[in-house]
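Biologist: I would like to learn how to read a model like this one. Can we go through it feature by feature?

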Amino acid sequence: MQEKDIGKIIDSTVKDGGVLTLLYFDLHGNQKEGIQKLGVGFVQKILREPGVKYAQGEIDEPVEKDNMFSTSLEMKVLTEDLISLARLCATYSPFSIEILKPAEFLLDISQLHEILMFLGATTHDYKKYIMEKVATAEDRENYKRTLEQRVRMGEKLMKKGAE
């Protein structure tokens, strides 16, 4: 694809609510060539994610320390909307993010609800995993009691709102 064509795609997508970002990832492995190939494969994987219109990455030269190689990957990513970017960040955990375009966002309430609900569901999934796989029996019991208290508080708030 020509750079001119990419520029048109970027401008058009951003105009329609898209986001152009730089995402930074760290890659580690015990073979220099292996992490370079991993970086290339990672860009291809991101390209297949829902809402991703374009992705291009640059991999720094791997550095060796204690028989391990480390490098960073700078990836320019164009998503069709902010929720697609939020999903990418939650799924792949970049260590840094820089939004290039647009300069500001105007979201309607439904878009904001979708983003916040996604973040809430993702956080819930992480908490559930930790409680099931890492926490002690006492921690799980305390968490269960906290959830029960939240349900009771929610019921009170609903009754209060209905009055």
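Biologist: Where is Pro102 placed?
Modeller: Pro102 sits in the loop between strand 5 and helix 4 (109-133). Keep in mind that this is a predicted model.

Biologist: What is the peptide bond from Lys101 to Pro102, cis or trans?
Modeller: Start with the general idea. Most peptide bonds are trans, and most residues other than glycine have a negative phi. Here, the bond from Lys101 to Pro102 is cis, with omega near 0°.

Biologist: Which phi values should I look at next?
Modeller: Take Asp66. Its phi is near 55°, a positive value in a residue other than glycine. Asp66 belongs to the loop between strand 3 (63-65) and strand 4. Asp66 is exposed, at a relative accessible area of 67%. Then go to Ser93, where phi is near 50°, again positive in a residue other than glycine. Ser93 lies in the loop between helix 3 and strand 5. With 48% relative accessibility, Ser93 counts as partly exposed.

Biologist: How do I read the two sides of a helix?
Modeller: An α-helix has 3.6 residues a turn, so residues three or four places apart point the same way. Apply that to helix 1. Its buried residues are Ile6, Ile10, Thr13 and Val14. They cover an arc of only 95° around the axis, so they lie on the same side of helix 1. On the other side, Lys4, Lys8 and Lys15 are exposed.

Biologist: What covers the buried residues of helix 1?
Modeller: The cover includes strand 1, strand 2, strand 4 and strand 5.

Biologist: How many Å should helix 1 span?
Modeller: Count 1.5 Å a residue. The 13 residues of helix 1 (residues 3-15) should then span 18 Å. The end C-alpha atoms are 18 Å apart, which agrees.

Biologist: Which residues have the most contacts inside the largest nonpolar core?
Modeller: That core has 16 residues. Those with the most contacts inside it are Phe25, Phe42, Ile46, Ala55, Leu73, Met75 and Val77. Now ask which elements supply the core. Strand 1 (19-29), helix 2 (32-47), strand 2 (52-59), strand 4 (68-79) and helix 3 (82-92) each give two or more residues. Another core, of 6 residues, lies apart from it, and Ile6, Ile10, Val14 and Leu78 are among its members.

Biologist: What does Phe42 touch, leaving out residues up to four places away in sequence?
Modeller: Phe42 touches Phe25, Leu73, Met75 and Tyr92.

Biologist: How do I step back to the whole chain?
Modeller: Begin with the elements. The protein chain has 5 helices and 5 strands. Along the sequence the pattern is α-β-α-β-β-β-α-β-α-α. Then look at the overall dimensions. A compact globule of 163 residues would have a radius of gyration near 15 Å, but this chain has 21 Å. Its C-alpha atoms fill a box of roughly 60 × 45 × 25 Å along the principal axes. Buried residues make up 28% of the 163 residues.

Biologist: Where is confidence lowest, and where is it highest?
Modeller: Where pLDDT is low, the predicted coordinates should not be read in detail. In this chain, confidence is lowest in helix 5 (residues 137-162), at a mean of 78. Strand 5 (residues 96-101) has the highest, at 95. The chain averages a pLDDT of 87, and 97% of the residues score at least 70.

Key:
Residues are numbered from 1 along each chain as its sequence is written. This is a predicted model: local features need pLDDT of at least 70, side-chain atom pairs count only at pLDDT 80 or more; totals for chains, interfaces and linings use all residues. Side-chain values use heavy atoms; hydrogens and water are left out. A nonpolar core is a set of buried Ala, Val, Leu, Ile, Met, Phe, Trp, Tyr and Cys residues joined through side-chain atoms within 4.5 Å. Buried means under 20% relative accessible area, exposed over 50%, partly exposed in between (1.4 Å probe, protein chains only). Helices (H or I, at least four residues) and strands (E, at least two) are DSSP runs, numbered from the N terminus. Contact means heavy atoms within 4.5 Å. pLDDT is the predictor's confidence in each residue, from 0 to 100. The expected span of a helix is 1.5 Å times one less than its number of residues. The arc is that of the directions from the helix axis to the C-beta atoms. The radius of gyration is taken over C-alpha atoms; the globule rule is 2.2 Å times the number of residues to the power 0.38.
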